[in-house]
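Here is a brief report on a single model.

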Amino acid sequence: MPLLQLKNISHGFDYTLFENVSLTLEPKESMAILGVSGCGKSTLLHIGATLLPPQKGEVLLFDKNIYQDDDTMRLNLRRYDVGIIFQHHYLFKGFFANENIELASLISGQEMDEGLLKRLGIAELMHSKIGTLSGGQQQRVSIARVLSKKPKIIFADEPTGNLDDKTAHDVMDVLLEYCAHESAALMVVTHNQQLARACTYVNYLHKDGLKEEA
Ligand SMILES: Nc1ncnc2c1ncn2[C@@H]1O[C@H](COP(=O)(O)OP(=O)(O)OP(=O)(O)O)[C@@H](O)[C@H]1O
Ligand SMILES: [Mg+2]
């Protein structure tokens, strides 16, 4: 069973951003989405991640048509099964890093993974207040928070945007290994072509759909 299916999705705000976007992601598969700034990559990610009903088309998560029903189904999916790494990370600023991660673990009933914190290079930062961390450090805390929930699918919006090359590679590896181990799927927006090539599929978002070329 595919974890995610987008069928002929069209969306826009003042004008149409994209039409006829279709994709399928099976367990252990990953897809990188590239495209010029403002073409609608974040919008498309939000549509897949239960956050935004598209103007046209259908979104199936775990074979369920998610915008057909009331909010309860989407809320439950978001709490337990869908991991969203936002372009602008949303952490609780006045809290400590470990509190932010523990909160996510608590809500979903999953254990926090110490090894993961080490892999992300943030184990030593757990007792720092979020407001005192650098942008890239905060980004990795938000990734740890999402993974500690053990989602079946991850939507990541430029998760390596604030990171140096080496750390960016490590973070991408962590995400891909997570998918391999947990049979999860990953949809990731990036501007980094080299990182994108590590994914199962690389697609560019155009006005008339997803394509393999820029
Ligand atoms: N809620 C909204 N209301 C009105 N316009 C919006 C809304 N969300 C996004 N847009 C507009 O839609 C367009 C696409 O935005 P989006 O954030 O999806 O682009 P993007 O491809 O992710 O860009 P970037 O690479 O800069 O992150 C932009 O022009 C943006 O201003
Ligand atoms: Mg964006």
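## An enclosed helix

Eleven of the 13 residues of helix H5 are buried, so the helix is largely enclosed by the rest of the structure. The model is predicted. H5 covers residues 135–147. From its first C-alpha to its last, H5 reaches 19 Å, close to the 18 Å expected at 1.5 Å a residue.

The buried set includes Gln-137, Gln-138, Gln-139 and Arg-140. Val-141, Ser-142, Ile-143 and Ala-144 are buried too, as are Arg-145, Val-146 and Leu-147. What do these buried residues of H5 pack against? Two of the elements are strands: E6 (82–85) and E7 (153–157). The others are helices: H3 (97–108), H4 (114–119) and H6 (165–182).

## The six-stranded sheet

E6 and E7 also belong to an open sheet of six strands. Its order is E6-E7-E8-E3-E9-E10, and the pairing is mixed. E6 and E10 (209–211) stand at the edges. Each has a single partner strand, so one side of each is left without a neighbour in the sheet. On average, neighbouring strands of this sheet are turned by 20° against each other, direction ignored.

Within the sheet, E3 (residues 30–34) and E8 (residues 185–189) run parallel, joined by four bridges. One bridge pairs Met-31 with Met-187 in E8. Helix H6 packs on this sheet and touches E3, E7 and E8. The direction of H6 makes about 155° with that of E8.

## The four-stranded sheet

A second open sheet has four strands in the order E2-E1-E4-E5. Its pairing is antiparallel. Which strands stand at the edges? They are E2 and E5; each has a single partner strand, so one side of each lacks a neighbour in the sheet. Helix H1 (residues 41–48) packs on the sheet, where it touches E1, E2 and E4. The direction of H1 makes about 130° with that of E1.

Five bridges link E1 (residues 4–12) to E4 (residues 56–61) in the antiparallel sense. Leu-4 stands opposite Leu-61, and Lys-7 has Glu-58 as its bridge partner. E4 also pairs with E5 (residues 64–65), again antiparallel, over two bridges. There, Leu-60 stands opposite Asn-65. E4 and E5 form a hairpin with two residues between the strands. Phe-62 in this hairpin takes a positive phi near 50°.

Thr-24 lies in E2 (residues 16–25). Is Thr-24 buried, exposed or partly exposed? Thr-24 has 15 C-beta neighbours inside 10 Å, so it counts as partly exposed; being buried would take 20 or more.

Leaving out residues up to four places away in sequence, Thr-24 touches Pro-2 and Gln-5. Thr-24 and Lys-7 are 17 residues apart in sequence. In space they are 8.6 Å apart, C-alpha to C-alpha.

## The shell around ligand 1

Helix H1 returns at the ligand site. Which element gives the largest share of the shell around ligand 1? It is H1, with three residues. The residues around ligand 1 include Lys-41, Ser-42 and Thr-43. Also among them are Gly-35, Ser-37, Gly-38, Cys-39 and Gly-40. Phe-13, Leu-17 and Gln-87 complete the list.

By class, the shell holds seven polar residues, three nonpolar and one charged.

Definitions and conventions
Residues are numbered from 1 along each chain as its sequence is written. Chains are lettered from A and ligands numbered from 1 in the order in which they are written. This is a predicted model: local features need pLDDT of at least 70, side-chain atom pairs count only at pLDDT 80 or more; totals for chains, interfaces and linings use all residues. Two strands pair if DSSP finds at least two bridges between them. A residue is buried if 20 or more other C-beta atoms lie within 10 Å of its own, exposed if 12 or fewer, and partly exposed in between; C-beta atoms are placed from the backbone. Two residues are in contact if their C-beta atoms, placed from the backbone, lie within 7 Å. Axes are lines fitted to C-alpha atoms, for helices over the stretch in contact, and angles run from 0 to 180 degrees between N-to-C directions. A residue is near a molecule or strand if its C-beta atom, placed from the backbone, lies within 6 Å of it. Ala, Val, Leu, Ile, Met, Phe, Trp, Tyr, Cys and Pro count as nonpolar, Asp, Glu, Lys and Arg as charged, and the others, Gly among them, as polar. The expected span of a helix is 1.5 Å times one less than its number of residues.
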